[in-house]
Each structure stands twice: as C-alpha cells, then as structure tokens.
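Here are a few notes to read alongside the model.

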Amino acid sequence: MTTRTVIALAFVALAGAAFAQQPGGIKRTPLQKVEFPDGFVTISGLAELPPGGSIGRHTHPGIETGYLLEGEAVMSIDGQADKHLKAGDSYAIPAGVVHDARVHGDKGAKVMAVWVVDKTKPLATPAP
C-alpha cells in the first residue's frame with residue numbers, strides 16, 4: 001500500500017468514528033469526503049438529534065456550514081448570541097470556535113452540514 005492510501009484509510013476510519021452513533025440517540029451519517037483544498041478535507045454529512053438532544057460543546061479545525069432540514073434548534077456559538085434555527089435556516093461557524101446545537105421543541109431535528117477542515121487533525125474535539 002502507498003503512504004497516501006494508508007493516510008486515506010486512516011482518515012476514513014477516523015471520520016467514520018466521528019460519525020458513529022452517539023450516546024443520547026444522535027445519529028450521524030457521512031455523505032461524502034473530498035480532499036480539497038490542498039491540506040484540507042471537505043466532509044458533508046447528516047446529523048439527526050432526538051427531542052431534547054444536544055450535540056455537545058466542541059470545535060472543528062476548520063469551518064462548518066449547515067442547513068436545518070427538519071425541526072428547530074438553538075445554535076450556541078461562543079462570542080455570539082444564541083440563534084434560534086428552524087427548518088430552512090442555515091448557519092456558519094468559524095474555525096476553532098466552540099459551539100453547540102440543541103433541539104428546541106418536542107420534535108427531533110435533522111441537519112445537513114459541511115466541514116472544511118485540516119486533514120491532519122480530528123474532525124471534532126470536545127470542549128468544556
């Protein structure tokens with residue numbers, strides 16, 4: 001195997017772990033991974049949160065953008081006022097900024113997100 005293949009397989013395993021079923025009923029589904037731009041990887045995926053669910057405070061080594069497909073959520077981004085999102089709303093989170101999203105209301109929420117992150121670092125890192 002070439003070094004590039006080994007690195008690609010390691011990244012796929014890492015991204016798969018980051019998208020695995022999480023405690024609390026959060027379901028993450030990876031959709032696509034593209035090594036672009038140079039030194040980065042662009043990942044798209046779905047996150048489904050149950051009623052009352054929360055992603056948990058964390059950061060990414062690059063930007064995250066997203067679109068709420070279903071439900072309502074409160075997006076908390078450090079340094080910004082909380083944003084109430086409903087289906088059809090989008091958001092953007094700068095690289096390295098601590099953030100969280102929690103479901104608002106009695107229905108679950110579904111988000112389509114895209115991350116453009118440093119390919120040498122984990123997709124997400126928990127934050128206090």
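1. Thr-29 stands across from Leu-46 of strand E2. In this predicted model, strand E1 (residues 27-34) and E2 pair in the antiparallel sense through seven bridges. The two form a hairpin with five residues between them, and Gly-39 in the turn shows a positive phi of about 85°.

2. On to the other partner of E2: 10 bridges join E2 to E9, and these run antiparallel. Val-41 has Val-117 in E9 as its bridge partner. Seven of the 10 residues of E2 are buried, so this strand is largely enclosed by the rest of the structure.

3. The largest nonpolar core has 20 residues, and Ile-43, Met-75, Tyr-91, Ile-93, Trp-115 and Val-117 have the most contacts inside it. At least two core residues come from each of strand E2 (40-49), strand E5 (72-77), strand E7 (90-93), E8 and strand E9 (109-118). E9 gives the largest share, five residues.

4. Tyr-91 deserves a click. Leaving aside neighbours within four places in sequence, Tyr-91 is in contact with Glu-64, Thr-65, Gly-66, Tyr-67, Met-75, Leu-85, Val-111 and Ala-113.

5. Not counting residues up to four places away in sequence, Asp-100 touches Ser-54, Ile-55, Gly-56, Arg-57, Val-74, Met-75 and Ser-76.

Methods: Residues numbered from 1 in each chain as written. Predicted model: local features only at pLDDT ≥ 70, side-chain atom pairs only at ≥ 80, totals over all residues. Heavy atoms only, no water. Contact = heavy atoms within 4.5 Å. Core = buried A, V, L, I, M, F, W, Y, C linked by side-chain atoms within 4.5 Å. Buried < 20%, exposed > 50% of the residue type's maximum accessible area, 1.4 Å probe, protein only. Helix = DSSP H or I, 4+ residues; strand = E, 2+ residues; numbered from the N terminus. Pairing = 2+ DSSP bridges.
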